[in-house]
Amino acid sequence: MPETTHTARGYFYIATATFFWGVSANIGRAAFTGRLLLQGHPIGNIDPLILSQSRTTFSCLLFLLVLLLRRGTQLRVTRKDFGRMALLGVLGLAAANYFYYLAIQKTNVATAITVQYTAPIWVLLYMVLRGLQKPTIGRLAAVGLSVTGIAVAIGVFSSGGVHLNPLGVSAAMLAAFSCAFYNISGHNVMATHDNWIVVFYMMLTASVFWLLLNPPWRIFSVHYSSGQWLFLAFFAVVSMLIPFSFYFAGLKYLEPTRAIVASCLEPIFAILIAAVALHETVRPSQAVGMLMVLAGIVIVQLPEKLPTKESEARPLKTIQ
């Protein structure tokens, strides 16, 4: 098959994954605001914690089934690697999921995903401060562009000042930091283990963490209806299982740098869907700020003119 066909297929898979992530962000927002109807009635109050917990747990069980069908029972890892994956699952996956959906609940899809998607910028700053990458003019400009874009998007420079929920903006920033942690700490783990195995153990440890934090008897005391449980299972498939399958399929045809740049379509999909389906208004200043953030992220991911070890390092996808 020609290389151009492989590349086109890779971009199609990545774009499909980002579309599903954008859809899931809006489904979560609709559930939080009472605009998601079940048999003609709002689906009812679903806390960001239970949304994050059920999304991870259901996906973990389905993921385990897929892995067993693909690989039999070859899921063993060393105790040291399991500990590293557990840390990624709790501080990366679980924290990023919860803070992201809390931000969506308290602000809106556009603000939450714009701030959360600055994770590559914080990764770059960490790498520069540790001396692992050079502070080139392009990289510093990308950081400045993205940080300024956030400020513009949330209204720091508007005449009326910032009117967004402080908890929501803080949660979005914490989600970005959690994703940055996953990218930094997960690089070596992903380099020595199959992607699917690492993601499974991240889901598993995140699920166990949620069970300890929010045990089953506390969940059942809320008395969710069968319809609500069906929604949570559906949400897990749409927001994690399907998009992850497409994303990893795309990585077979694209080098990681192209893949992560293509994943910047996610904020665009999420914001456009929110504007059409949820009628969320995006002010011109917000649109400019979002474009600045996306431009900064793309600049950060562009390879250097000369190949170096750092440009060969594999960037990882932000988990939503």
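Select tryptophan 21 to begin: this residue is buried, with a relative accessible area of 1%. Buried means under 20% relative accessible area, exposed means over 50%, and partly exposed lies in between (1.4 Å probe, protein chains only). The model is a predicted one, in which local features need pLDDT of at least 70, side-chain atom pairs count only at pLDDT 80 or more, and totals for chains, interfaces and linings use all residues. Residues are numbered from 1 along each chain as its sequence is written, and side-chain values use heavy atoms, with hydrogens and water left out.

**Aromatic pairs**

The count of aromatic pairs comes to 19. Rings of Phe, Tyr and Trp (its six-membered ring) pair if their centres lie within 6.5 Å; planes under 30 degrees apart count as stacked, over 60 as edge-to-face and the rest as tilted. Tryptophan 21 belongs to helix α1 and phenylalanine 244 to helix α10 (residues 226–251), so the pair links distant parts of the chain, 223 residues apart. Helices (H or I, at least four residues) are DSSP runs, numbered from the N terminus. Phenylalanine 244 is also buried, at a relative accessible area of 3%.

Next, select tyrosine 101 and phenylalanine 235. Their ring centres are 5.7 Å apart and their planes stand at 70 degrees, so this pair is edge-to-face. Because tyrosine 101 lies in helix α3 and phenylalanine 235 in helix α10, the pair ties together parts that are 134 residues apart in sequence. Tyrosine 101 is buried at 0% relative accessible area, and phenylalanine 235 is buried at 0%. For an aromatic cluster, select Phe12, Tyr13, Phe19, Phe20, Phe246 and Phe269.

**Salt bridges**

Side chains of opposite charge can pair when their charged atoms come close. The structure holds 2 salt bridges, each being a side-chain nitrogen of Lys or Arg within 4 Å of a carboxyl oxygen of Asp or Glu. Select arginine 29 and glutamate 280, whose side chains meet in a salt bridge (3.1 Å, N to O). Arginine 29 lies in helix α1 (residues 3–32) and glutamate 280 in the loop between α12 and α13, so the pair ties together parts that are 251 residues apart in sequence. Arginine 29 is buried at 11% relative accessibility, and glutamate 280 is buried at 12%.

Then select aspartate 81 and arginine 84, whose side chains also meet in a salt bridge (3.1 Å, N to O). Both residues lie in helix α3, 3 residues apart, about one turn of the helix.

**Helix α4**

Select residues 109–116, which form helix α4: 8 of its 8 residues are buried, so the helix is largely enclosed by the rest of the structure. At the start of α4, a side-chain oxygen of asparagine 108 reaches to within 2.8 Å of the backbone nitrogen of threonine 111.

Note on methods. Helices (H or I, at least four residues) and strands (E, at least two) are DSSP runs, numbered from the N terminus. A polar contact is a pair of N or O atoms within 3.5 Å; within protein, one must be able to donate a hydrogen and the other to accept it, and residues adjacent in sequence count only if both atoms are side-chain atoms.
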